[in-house]
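Please look at the structure first.

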Amino acid sequence: MLTLDNLIIEQGDFRLSADLTIPAGARVAVIGPSGAGKSTLLSVIAGFFAATQGRVLWRGEDITQTDPGARPLSILFQDQNLFPHLSVTRNLALGLNPAGKVAATDRTRIETALIRAGLEGMGARKPGQLSGGQQSRAALARALLRARPMLLLDEPFAALGPALKAEMLGLVAQIAREQGTTVLMVSHDPEDARALCPQTVLVADGVALPPQDTQSLLDHPPPSLRAYLGA
Amino acid sequence: MAARAREIAPAAVAGAVLAALVIGTLVAVAIRAGGLSGLRTSDLAAIRFTLWQAALSALLSCALAIPVARALHRRRFAGRDLLISLMGAPFILPVIVAVFGLIAVFGRRGFINAALAHFGIEPLSIYGAQGVITAHVFFNLPLATRMILHGWQAIPSERFRLAASLGFGPTQTARQLERPMLRAVLPGAFLAIFLVCLTSFAVALTLGGGPRATTVELAIYQAFRFDFDMGRAASLALVQVAISVTALLIAARVTLPASFGAGHDRSFAPIAQLSGGAAHTALDVAAITLAAAFLLTPIGAVFARGLPALSNLPPMIWSATATSLIIALASTIATLIVALPLALAATRHRWAEITAMLPMTASALVMGTGAFLIARPFINPTSLALPMVLLTNAALSVPFATRILLPEIRTLRADYDRLASSLDLRGIARLRLLTLPRLARPLGFSAGLAAAFSMGDLGVITLFSDGQTRTLPLALFQLMGSYRMDQAAGAASLLLILTFALFWALDRLGHYADPR
């Protein structure tokens with residue numbers, strides 16, 4: 001269970017408050033107008049940006065001061081999810097051991113993860129030799145290996161076409177189901193939210209609201225969301 | 001907190017060593033100084049000469065560079081790219097080699113004077129103030145040309161297309177596009193060259209001297225070597241630092257352009273209408289031909305006389321070569337060990353960048369004088385000659401290496417810091433897997449520059465040398481001093497070849513190590 005306890009996030013004129021709980025294993029979309037603070041909210045949860053006040057708790061444990069790499073989560077950014085100068089295998093190995101050594105047992109696990117992600121035999125390639133969809137698969141394979149209880153997606157599939165994006169969301173759903181992962185996904189596309197996330201956190205007007213049912217939220221959007229959706 | 005302290009510890013150590021070298025030697029000098037009253041009239045003349053020769057050198061370099069840069073920008077000809085690349089070469093050209101080449105061309109027995117004598121004209125002298133300034137223009141004309149050319153290339157080509165569509169000719173183009181650019185670029189170029197010329201030592205040592213062409217750096221050397229007047233050397237050292245710091249503070253208000261690496265800008269196609277008619281073409285041809293001749297003839301003269309003499313070099317040249325190579329490589333390593341942690345920390349801590357720039361306020365001679373004063377009570381300072389040369393060379397290269405690394409590190413941080421910390425990649429693993437591979441190219445380039453600077457340096461070694469301990473530039477200087485000109489030409493060729501080979505090899509190594 002992820003708890004955002006009276007968080008206040010400030011950056012210049014920008015201000016966002018969040019006081020909410022996300023149940024373990026939930027799949028939650030984070031939607032709202034541009035500039036509302038969706039990515040910033042994820043940054044605070046991941047530990048890249050410090051909130052002005054309030055706490056972030058995971059299963060009741062305060063992780064507000066924890067280093068990003070030590071938090072119980074994996075995060076995929078919009079881009080730069082792989083080190084371009086390392087092979088796919090080395091990139092995945094960093095998910096198992098940040099010291100960078102690749103043990104023999106790790107190799108088997110990495111190979112399995114590659115197969116799971118549909119990248120069989122591509123471990124020796126550099127990210128630049130993969131297509132955009134394959135790069136996303138590799139990043140997901142690393143998240144699979146890390147097997148952290150939370151997965152934060154900050155629009156990592158925004159650059160992919162609709163068919164590829166649907167494929168990736170399917171892969172995320174599969175991983176989340178198997179590992180019981182709690183998923184938080186920022187999205188610009190309400191259809192992504194409907195497809196993957198039964199629940200949605202609406203970020204608008206300086207507030208991140210507690211999760212609500214995605215279908216009914218999108219079918220009956222409040223004014224702030226309606227303007228954004230243009231429906 | 002502990003993690004944060006561990007993160008900046010390498011930079012703190014590197015910064016402390018560098019500050020000790022720069023500030024520690026300065027403090028030693030200050031304590032020893034007998035006050036400014038210890039200065040003589042000749043020293044005041046040296047201060048005056050230092051300032052006006054630097055100003056005049058910078059002015060001439062910039063003024064001459066404008067037509068050359070304009071010609072390079074609006075003409076396309078075979079060898080243009082090569083010429084632009086060669087314009088970067090004086091940056092690492094050993095001063096003593098250039099001086100040898102200039103003497104070969106403009107000296108008493110040079111072919112300019114031979115030609116003048118043919119017409120019964122009095123010979124020109126390459127020695128004295130005009131010689132010092134000629135040498136400074138030789139070194140800085142290419143620098144100024146590259147900076148100004150960079151300014152021209154920074155004007156978007158759409159702007160030139162617009163100018164052509166509005167029916168502009170060369171005059172309107174100059175007024176609307178080029179003069180505003182020059183107004184923006186020239187102050188920075190002038191100051192950059194002025195700063196370099198302020199600490200000129202080797203040029204003044206070889207071509208200057210006497211009451212009318214002595215720089216402060218040379219006066220420090222003379223007070224130290226010939227008069228054994230430590231108090232005066234110390235006073236002069238403080239004057240030198242005061243001049244440099246003042247000039248740097250003024251320069252900090254003007255954005256200094258990067259002094260290396262203007263590109264070839266292949267995408268820009270000159271538009272004939274803007275480039276003018278036959279008169280402009282003739283002007284451009286003359287500018288390029290004269291500049292190329294001025295820059296290339298001295299180097300050609302070195303090789304013409306030196307290459308045949310390579311097989312006939314005295315044994316002392318070979319031992320000096322070995323010494324120089326070892327010092328160059330060791331000081332390159334020292335440069336990187338200090339510059340990399342400071343540059344990595346500098347993106348977050350202002351003090352790290354300031355510390356890395358400290359050596360710009362120092363001069364090799366001031367550091368040398370300070371080290372001599374510190375060491376003298378304990379050991380024979382001449383035994384410190386080579387270590388001091390190594391340390392000062394390394395320190396003086398740190399600002400350059402830091403400036404080359406910083407923008408690349410900023411990019412690296414922007415692109416991969418979040419990913420690295422989300423994966424908990426840190427310490428040695430981060431250095432090995434992320435930092436070093438991504439920085440291979442700028443590290444190779446920095447290493448190449450540091451090695452070339454060190455290889456060609458003729459500074460501290462002249463203070464300390466007992467005549468037996470010598471680097472290759474010093475050996476060349478000694479050969480020139482005893483008028484063994486053929487051997488000197490051979491040594492100059494050897495030094496030139498080795499300097500550029502070192503630069504090229506290290507720069508290539510960086511490209512080779514780059515996993516991209």
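Reader: What should I know about the model and its numbering?
Author: Residues count from 1 along each chain as its sequence is written, with chains lettered from A and ligands numbered from 1 in the order in which they are written. Side-chain values use heavy atoms, without hydrogens and water, and this is a predicted model, where local features need pLDDT of at least 70, side-chain atom pairs count only at pLDDT 80 or more, and totals for chains, interfaces and linings use all residues.

Reader: How far apart are the C-alpha centres of domain 1 and domain 2 of chain B?
Author: Domain bounds come from an automatic or database domain assignment. Domain 1 of chain B covers 1-32 + 310-515, and domain 2 covers 37-258 + 276-307. Their C-alpha centres are separated by 24 Å.

Reader: What area is buried between domain 1 and domain 2 of chain B?
Author: Contact (heavy atoms within 4.5 Å) involves 43 residues of domain 1 and 38 residues of domain 2. Buried area is the accessible area (1.4 Å probe) that two parts lose on being put together, summed over both. Carbon and sulfur atoms give 80% of it here, and the total is about 3500 Å².

Reader: Which helix gives the most to the side of domain 1 of chain B that touches domain 2?
Author: Helices are DSSP runs (H or I, at least four residues), numbered from the N terminus. Those giving two or more residues include helix 1 (2-32), helix 16 (364-375) and helix 22 (485-513) of chain B. With 13 residues, the top contributor is helix 22 of chain B.

Reader: What area is buried between chain B and chain A?
Author: In this interface, 18 residues of chain B are in contact with 23 residues of chain A. Carbon and sulfur atoms give 60% of the buried area, which is about 1900 Å².

Reader: What is the N to O distance in the salt bridge between chain B and chain A?
Author: One salt bridge is found across this interface. The side chains of R426(B) and D67(A) form it, at an N to O distance of 3.5 Å.

Terms used: Salt bridge = Lys/Arg side-chain N within 4 Å of Asp/Glu carboxyl O.
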